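Please look through the sequence and the model shown here, and keep both at hand while reading the report that follows.

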Amino acid sequence: RPVPTMLLVMSVLSTFLLAAWCEEGSIADLFLSEDDLDIDYRSQQYAEVKQSLLAAWQGNTELEKVWDQLVKKLKKRLEAVKEQGSDGVPVVQFRDIVNNGGKLPANAALKVSRKGVVIVRGVLDRQTAASVEAELVRYLMDNEAFLAREEDTVYEIYWSKAQMRARTHPNMVKLMQALLSLWRSEKVTDMNLSKPLMYVDRFRRRPPMSRFPLPPHIDGGAAERWADQEYRAVYRQIFNGSLAEYDPWLVDHRDTANMNTLGQANGATFFRGFQGWLSLSSSGPGGGTLKVIPNLLEVTQYLMLRPLLSDVPKDILPGVVPGKTFHLSGKWHSLLTDSLVPIPSVEPGDTVWWHPDLVHAVEEWNSSADLNSVLYIPAGPDCAINRKYLRRLRHSLIAKQSPPDFPSSDKEKDYTGRVMLADLSTVGLDMMGWPADNREREEVGQCRAP
């Protein structure tokens, strides 16, 4: 039974009040508690949004019949997902991308376009990955920044030289270019898919036998996917009944969508063509790794149409609560909740990347005897929304503050070894949008391995 709106309003307001009073927040602020995942937040705005979407349905077939056909198709896809398990996640060697002119091999590109996820091995060699990890640990030690509780595995730390070196490593940039080339546009815009821009994110270190529950979800906006006109346009073929015409790799409208109408910390204001991370340790299934549903097309169609079905109350968007990440609801998304599979084992220097609409989670426990260490590094192109983000990012660097999209904090202000403007490589300057041609290159340090 839906929870009374006033109780949910109070719950949401308490989240924002706590964030305002606390010196800093954490990734936990993005998610409901495990006991609240099936909460239904009711809103008249949601009812109006759904009414307008239903009025715009143009398909020759009734919505319920289209839904039945989709579910039948999706069930077959999910059966294959479960049968293949981790083996169903595409794996590519970085050297094969280099040898293919900087593009994913055709067979691999086809798999990634269908599954929405890929592991790219050997992006950094093991020696470089080990030096990044050692430098990161030194940064934590020098600044007494290790988290006190083993359950707190995500570090709200952004400006270590180790992180910056990994973000701007030439191999990482080449890989970002290869991945972003999977996107296409039908519009004439100033977007440059061959030029990755920088997004500054945090990192995760999961000790052995540590617990970190992160439920199945999709980042980059919740109600906005239905309510924001530009974001809604991304899925227009789904919403007007032309499911066969929907292309999840069409970039149009994603660079103008408002993914964070509430403007809260931990909201997205940067278009990430791929979310991703770099592994600094050996890990695999059972070791607290990433879980995904390696199906992009049908799962996206399912999630976007689900609120419009007659069994869903008119004032509910399943899995949507203001200020929280869009998550799977066991009540409304039961077809998907048991379909996540862990990614294959990864080694230091390997990376994993996934489409911004891909459902993902993490294993609740790191039940292995090894540390699981990753740096979050997404790939986003040069476009209007990302250039706007860069203006705020440059300010954060100079003002010694946390980057945009994350809880406001100056915790790293006086940290030993914190990245400064003079530490940025030429690549780093360009990815952050600094007017590098006006600076003497000799005066710019290099965030690179000794």
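## Strand β7 and its two partners

In β11, the residue that stands as bridge partner to W277 is V352, while in β13 the bridge partner of W277 is Y376. Strands here are DSSP runs of E with at least two residues, helices are runs of H or I with at least four residues, and both are numbered from the N terminus. Two strands are said to pair if DSSP finds at least two bridges between them. By that rule β7 pairs with strand β11 (residues 351-354) in the antiparallel sense over four bridges, and three bridges join β7 to strand β13 (residues 372-376), again in antiparallel fashion.

This is a predicted model, in which local features need pLDDT of at least 70 and side-chain atom pairs count only at pLDDT 80 or more, whereas totals for chains, interfaces and linings use all residues. Residues are numbered from 1 along each chain as its sequence is written, and side-chain values use heavy atoms, with hydrogens and water left out.

Is β7 buried or exposed? A residue counts as buried when its relative accessible area is under 20%, as exposed when it is over 50%, and as partly exposed in between, using a 1.4 Å probe and protein chains only. Five of the five residues of β7 are buried, and both faces of the strand are covered, with Q275, W277 and S279 on one side and G276 and L278 on the other.

Strands of a sheet pair through backbone hydrogen bonds, either parallel or antiparallel. Five strands of this model form an open sheet in the order β9-β6-β12-β8-β10, with antiparallel pairing. Because β9 (326-327) and β10 (341-342) stand at the edges, each with a single partner strand, one side of each is left without a neighbour in the sheet. Within this sheet, strand β8 (residues 290-292) is joined to strand β12 (residues 360-362) by three bridges, and L290 stands opposite V362 in β12.

## Nonpolar cores

In soluble globular proteins, nonpolar side chains tend to be buried together. A nonpolar core is here a set of buried Ala, Val, Leu, Ile, Met, Phe, Trp, Tyr and Cys residues joined through side-chain atoms within 4.5 Å. The largest such core has 112 residues, and those with the most contacts inside it are W226, Y302, L303, L305, L336, W353 and L375. Apart from it lies another core, of 20 residues, including V117, F212, W354 and Y376.

Which residues does Y302 touch? A contact means heavy atoms within 4.5 Å. Leaving aside residues up to four places away in sequence, Y302 touches W67, L70, V71, L74, W332, H333, S334, L335 and L336.

## Aromatic pairs

Rings of Phe, Tyr and Trp (its six-membered ring) pair if their centres lie within 6.5 Å, and planes under 30 degrees apart count as stacked, those over 60 as edge-to-face and the rest as tilted. The count by this rule comes to 16 aromatic pairs. One of them, formed by Y199 and Y389, is stacked, at 5.0 Å centre to centre and with 25° between the planes. This pair links distant parts of the chain, 190 residues apart, since Y199 lies in the loop between β4 (192-197) and β5 (203-206) and Y389 in helix α13 (residues 384-399). Both Y199 and Y389 are buried.

Y158, Y199, F270, Y389 and F406 form one aromatic cluster. A charge sits over a ring if NZ of Lys or CZ of Arg is within 6 Å of the ring centre and within 35 degrees of the ring normal. In this sense R272 lies over the face of Y199, at 5.5 Å from the ring centre, and R394 lies over the face of W434, at 5.9 Å from the ring centre.

R205 has its place in strand β5, and at 10% relative accessibility R205 counts as buried. A polar contact is a pair of N or O atoms within 3.5 Å; within protein, one must be able to donate a hydrogen and the other to accept it, and residues adjacent in sequence count only if both atoms are side-chain atoms. Such a contact, of 2.6 Å, joins the side chains of R205 and E133.

N295 lies in the loop between β8 and α12 (297-305), and at 6% relative accessibility N295 counts as buried. The side chain of N295 reaches the backbone nitrogen of V299 at 3.0 Å.
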